[in-house]
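Thanks, everyone. Have a look at the chain on the screen, and then I will talk through helix, cavity and pocket.

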Amino acid sequence: MSTITIIGIFIVALLAGLEGILDEFQFHQPIVACTLIGIVSGDPMPCIILGGTLQMIALGWANIGAAVAPDAALASVASAIILIQSGQGAAGISTSIAIAIPLAVAGLFLTMVVRTLSVPIVHRMDAAAEKGNMGAMDAWQIIALAMQGIRIAIPAVALCFIPSEVVQSTLQSIPAWLTDGMAIGGGMVVAVGYAMVINMIATAEVWPFFIIGFCVAALSNLTLISLGAIAMAMVMIYLRLTSGNNGGGNGGNGGGNGADPLGKILDDY
């Protein structure tokens with residue numbers, strides 16, 4: 001890889017690591033991180049497909065209390081770099097997906113290490129706050145965030161210095177039964193991730209829309225734009241019907257949404 005490409009990958013990896021904590025611009029999401037890696041590497045199409053597939057896997061990942069989800073940032077950045085280094089293009093996506101899962105677990109370990117190292121920084125920030133030293137507080141805050149970015153940037157840059165021939169020979173030496181099995185397992189994880197999301201948001205009111213969506217998605221003549229337009233139309237119809245029912249035409253049911261939790265959430269929003 002050229003120096004410019006490595007610098008671009010370093011910046012993308014740094015932003016992905018930072019966003020894993022800040023969660024503001026979503027650079028750590030697989031679809032974003034893989035796409036950016038593909039752009040700076042000059043081969044965006046396979047990376048976009050890889051990012052979309054990994055995004056389906058990461059849909060069900062979430063931090064709950066002290067339980068930290070697998071690291072999507074490291075999995076996305078590293079698997080995209082390996083895909084570029086392999087030179088296989090779209091043919092190497094299944095192998096990259098299989099590699100991304102253990103990378104996500106490794107990233108989880110790195111996250112725990114960085115968060116443990118951040119504990120003394122919090123105490124130093126408390127000491128600076130007692131003294132009213134705002135500059136020191138800002139400096140320690142930046143240092144703590146930089147640690148989160150560096151934990152992704154360093155492995156990413158290290159992968160860039162591995163010769164492409166070594167990556168290609170290593171991937172080619174993996175037995176077919178192992179790569180096929182990992183690809184199948186990766187596909188199952190995609191289904192599990194999407195099922196977890198459905199389990200969290202599904203209610204009796206929205207199940208018909210899920211059913212319609214699955215049926216419509218099977219029509220091969222419809223493009224993504226048309227599917228999006230149909231989805232927007234369904235949302236508008238749903239909002240129109242619920243607002244009509246809440247306006248007093250439902251037997252005096254007045255201002256509530258009854259047993260419709262989604263409608264209540266939308267009204268509160």
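**Ser79 and its surroundings**

Start with Ser79. Beyond its neighbours within four places in sequence, Ser79 is in contact with Leu50, Leu54, Leu74, Ser96, Ala100 and Leu103. One caution before I go on: this is a predicted model.

Where does Ser79 lie? Ser79 is in helix α4. Is Ser79 buried or exposed? Its relative accessibility is 0%, and the cut-off for buried is under 20%, so Ser79 counts as buried. What does its side chain reach? The side chain of Ser79 comes to 2.5 Å from the backbone oxygen of Ala75.

Now the helix itself. Of the 15 residues of α4, 15 are buried, so the rest of the structure largely encloses this helix. Next, the span.

Look at both ends. At the start of α4, a side-chain oxygen of Asp71 reaches to within 3.2 Å of the backbone nitrogen of Ala73. Just after α4 comes Gly87, with a positive phi of about 70 degrees.

On to the empty space. A probe the size of a water molecule, rolled over the atoms, shows where such space is left. How many cavities of 30 Å³ or more are there? The count is one. The volume of the largest cavity is about 50 Å³. Its lining is made up of Pro30, Leu54, Ile57, Ala58, Trp61, Ala72, Ala75, Ser76 and Ile101. By class, the cavity lining has eight nonpolar residues, one polar and no charged.

Note the links back to Ser79. Leu54 is among its contacts, and Leu54 also lines the cavity. Ala75 supplies the backbone oxygen that the Ser79 side chain reaches, and Ala75 is in the cavity lining too.

Last, the open space. The largest pocket has a volume of about 790 Å³. Lining this pocket are 20 residues, and Tyr194, Phe209, Phe210, Gly213 and Ala231 lie nearest its centre. Which elements give two or more residues to the pocket lining? They are α8 (176–201), α9 (207–217), α10 (224–249) and α11 (261–268). The most comes from α10, with nine residues. By class, the pocket lining splits into 18 nonpolar residues, two polar and no charged.

Terms used: Residues numbered from 1 in each chain as written. Predicted model: local features only at pLDDT ≥ 70, side-chain atom pairs only at ≥ 80, totals over all residues. Heavy atoms only, no water. 1 Å grid on protein atoms, 1.4 Å probe; cavity = no way out; pocket = protein on both sides within 12 Å on 5 of 7 lines; lining within 4 Å. Points joined across faces, edges and corners; volume = space filled by probe spheres on them. Nonpolar A, V, L, I, M, F, W, Y, C, P; charged D, E, K, R; others polar. Helix = DSSP H or I, 4+ residues; strand = E, 2+ residues; numbered from the N terminus. Buried < 20%, exposed > 50% of the residue type's maximum accessible area, 1.4 Å probe, protein only. Polar contact = N/O pair within 3.5 Å; in protein donor to acceptor, adjacent residues only side chain to side chain. Contact = heavy atoms within 4.5 Å.
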